[in-house]
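User: Could you walk me through how to read a few features of this structure?

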Amino acid sequence: MRARVLCEFATFILFVEALAAGLFALPASAGSITEKTKYEYYYASGQTALDIVMTMDRASPRIGRKEVWGMMDIDPDFEPVPASGPLCKYADMRINVSYTITIPAHKQENALSPKLRRQFQSFARFVKRHEEEHRQIYRRCFRDMRRAMLAVRGHADCETYLKTLYDIVDRHYQRCDASDNRIDDRDVPLVERQPLFRAALAQVETGQERRALEAAVSAGSGGANRRSNDPALPVFTRN
């Protein structure tokens with residue numbers, strides 16, 4: 001049970017028309033990064049720790065065949081503003097980011113015993129803190145990415161200019177991925193040490209139940225980031 005836990009969390013990056021959105025529209029405001037966060041829930045049930053863990057496992061988000069205890073979707077919308085003049089350059093960049101964080105909840109939390117309620121709430125807070133730390137990484141990522149993109153000098157050749165921007169995006173996401181992996185490496189081994197999981201293990205009575213619990217804990221093997229590695233930019237237009 002200890003060695004088999006590899007990763008129970010995942011961060012999704014959805015590059016929805018990244019960089020391209022709004023290229024030919026007037027900006028709503030200049031020079032800003034705006035964001036919103038929405039929380040979604042998957043639900044456990046049961047009145048024992050073992051039942052809660054097993055129903056959480058069945059209800060938890062999936063990434064392909066992987067099961068994860070928490071998940072964050074990141075949907076960035078880039079609105080570049082072309083500069084005037086003969087060179088290819090963006091004068092400004094507005095970034096609107098939507099974060100959707102998915103964490104566990106219990107269908108009848110108030111019906112749990114005080115001790116079991118505390119154990120479940122402790123685990124839910126653990127997952128929430130973990131995902132919110134991922135959000136902090138991407139807040140810094142978008143801030144630094146925007147600063148680097150706006151610092152690029154204009155170029156007479158638009159393809160050269162845009163390639164430089166692509167390289168900046170890739171470089172910053174690589175850094176974010178590395179930071180993400182460090183957080184997962186730190187927190188994933190802590191899952192089975194949570195009071196809820198310790199209590200579930202103590203309730204195991206048969207080898208079959210133990211194997212099922214171990215499978216639930218280790219189901220989320222391997223991390224995952226999902227994004228477009230080649231964001232589609234429209235043809236650059238000069239003013």
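Analyst: Let's begin with burial: a residue is buried under 20% relative accessible area, exposed over 50% and partly exposed in between, using a 1.4 Å probe and protein chains only. Helices (H or I, at least four residues) and strands (E, at least two) are DSSP runs, numbered from the N terminus. In helix α1 (residues 49–59), the buried residues are Ala49, Leu50, Ile52, Val53, Met54, Thr55, Met56 and Asp57. That is eight of its 11 residues, and the helix is mostly covered. This is a predicted model, where local features need pLDDT of at least 70 and side-chain atom pairs count only at pLDDT 80 or more, while totals for chains, interfaces and linings use all residues. Residues are numbered from 1 along each chain as its sequence is written, and side-chain values use heavy atoms, leaving out hydrogens and water.

User: Why is strand β6 called largely enclosed by the rest of the structure?

Analyst: Burial again: 15 of the 17 residues of β6 (residues 90–106) are buried, so the strand is largely enclosed. As for its neighbours, two strands pair if DSSP finds at least two bridges between them. Strand β2 (residues 33–44) runs parallel to β6, joined by 12 bridges, and Glu40 stands opposite Thr102 of β6. β5 pairs with β6 in the antiparallel sense, over 12 bridges; here Glu79 has Arg94 in β6 as its bridge partner.

User: At what angle do α2 and α4 pack?

Analyst: Axes are lines fitted to C-alpha atoms, for helices over the stretch in contact, and angles run from 0 to 180 degrees between N-to-C directions. Helix α2 (residues 114–150) packs on α4 at about 130°, with the axes 7 Å apart. Contact means heavy atoms within 4.5 Å; Leu116, Gln119, Phe120 and Phe123 of α2 meet Pro195, Leu196, Phe197 and Ala199 of α4.

User: How many aromatic pairs does the structure hold?

Analyst: Rings of Phe, Tyr and Trp (its six-membered ring) pair if their centres lie within 6.5 Å; planes under 30 degrees apart are stacked, over 60 edge-to-face and the rest tilted. The structure holds seven such pairs. One of them, Trp69 with Phe197, is edge-to-face, at 5.4 Å centre to centre and 75° between the planes. This pair links distant parts of the chain, 128 residues apart: Trp69 lies in the loop between β4 (66–67) and β5 (70–82), and Phe197 in helix α4 (residues 195–202). Trp69 is buried, at 1% relative accessible area, and Phe197 is buried at 1%. Ring pairs also link Trp69, Phe123, Phe126 and Phe197 into a cluster.
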